[in-house]
Amino acid sequence: MAILLTLALSFFLFVSASAARVIFTLFALQIGASATEVGVLGGLLFVFPLLLSWPVGALADRLGARGLLLFAALCSTISLVLPYFFNALPALYVAALLNGLALAFYHVTLQNNIGTLSKAEQRARNFSNFSLTGALTSFVGPLLAGFAIDRLGHAAASVVAAVPSLIALVLLLIWGGVFPPSRPPSVHKETSPRALLDRNVWRMLILSALVQLGYDLYQFYIPVYAHAIGLSASAIGAVLATLAVAAFIVRLFLPYLLRRVAGETLLAWVFLFGTTGYALVPLSGSALTLGAVSFLFGIGMGIGIPLTVILMYAQSSAGRSGQTLGLRLTANNLVRVTGPVIFGAVGSALGLPAVFWIIAAIMTAAGALSGARRRNA
């Protein structure tokens, strides 16, 4: 029951999050925001996850999940209702910050729940199911956002996107008691991030952050690029949903792939597909071709995030899995905060095609780093 509730909460909370990214981006463009301002908006979504992921991971180890998830679901709901009442860029900035605060609390807590509630022989399968849920939300969220915008407008669409978070809040109020209670402070002694890491974990943190950079910037800049070539909100949502379908398909095979192929080898292939997808986007001029490129991108990059979660959890010490996963999210959110801002400025200065080609070069370098790690191992 606790695992099923964790997966259900993951679905509803991440549907709201993925819809929010599309709605906030297109809402900002609709009211006249520049590429740089949109980049700032994207960065604000991950300020609190950057600052709080490790502390929240430590709290999840010690306090349990229910209270943290209740707070997160409430923040997520409020963040998506706010733009309905205030149709201005500053309100979107506040909404993005509040949405990021929710993400900081529920992301690491849900991941840690999957690990701590699973027996050793079930862990890979449960993490795979968690990643499949994430892929499904990446399909549902953009479609929900796109169709809601086209039919109801940007402001009303934000309220529609708040409904899944509200459902998560209700589920927690009714069934949240199935989660394990808090643990005594004596069981968990706080430890510094440095004490949790060795050289291999530092390398994995870098690779994990680069996977996150590649996956998130693709989802962030595809709406910007598609808007620039004249696609409708529904078409943009469908293109992003195609990426989610590909990620869902490949994640079905993740446990099998991990039994057959070394994790570092899989990461090298992840970055190769990332390079190819980014390089092809500026050559795509229609929803059909952009959807095909997104499917190719998703087939490779779709397993990158759950793969790094599994590898990082395996590195965690007893009773400190939340802190280890929190450190991973801290590294990931550093690039989530800085990436949109930096590449928003690049897009303003050099144009959108330059953004995609520069990120393609970064993915190539990351693949080389992953391959070097595999050879050393």
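Leucine 266 sits in helix 11, which covers residues 263-280. This is a predicted model, so let's see what the prediction does with that side chain. With a relative accessible area of 8%, leucine 266 falls under the 20% cut-off and therefore counts as buried. What does leucine 266 contact, once neighbours within four places in sequence are set aside? The list reads Leu257, Leu258, Val261, Ile303 and Leu307. Glycine 304 also belongs in this picture: 38 residues separate leucine 266 from glycine 304 in sequence, while their C-alpha atoms are 8.1 Å apart in space.

Now hop over to helix 6, residues 123-152, where you'll find serine 128. Is serine 128 buried or exposed? Its relative accessibility is 3%, so serine 128 counts as buried. Beyond its neighbours within four places in sequence, serine 128 is in contact with Arg251, Leu254 and Pro255.

Next stop, the nonpolar core. The largest one takes in 118 residues, and the members that touch the most others are Leu9, Phe24, Tyr106, Tyr221 and Tyr278. Take phenylalanine 24 and ignore residues up to four places away in sequence: it touches Leu41, Leu45, Ser79, Leu80, Pro83, Leu92, Ala95, Ala96 and Asn99.

Time to zoom out. The chain has 15 helices and zero strands. Its radius of gyration is 19 Å, close to the 21 Å that the globule rule gives for 377 residues, so the chain is as compact as a globular protein of that length. Of the 377 residues, 57% count as buried. As for who meets whom, take the contacts with a separation of 6 or more: 87% of them join residues 24 or more positions apart.

How far does the predictor's confidence go? The mean pLDDT of the chain is 85, and 92% of its residues reach 70 or more. Where does pLDDT stay under 50? That happens over residues 186-192, a stretch for which the model has 13 contacts beyond four places in sequence. Where pLDDT is low, the predicted coordinates should not be read in detail.

Technical notes. Residues are numbered from 1 along each chain as its sequence is written. This is a predicted model: local features need pLDDT of at least 70, side-chain atom pairs count only at pLDDT 80 or more; totals for chains, interfaces and linings use all residues. Side-chain values use heavy atoms; hydrogens and water are left out. A nonpolar core is a set of buried Ala, Val, Leu, Ile, Met, Phe, Trp, Tyr and Cys residues joined through side-chain atoms within 4.5 Å. Buried means under 20% relative accessible area, exposed over 50%, partly exposed in between (1.4 Å probe, protein chains only). Contact means heavy atoms within 4.5 Å. pLDDT is the predictor's confidence in each residue, from 0 to 100. Helices (H or I, at least four residues) and strands (E, at least two) are DSSP runs, numbered from the N terminus. The radius of gyration is taken over C-alpha atoms; the globule rule is 2.2 Å times the number of residues to the power 0.38.
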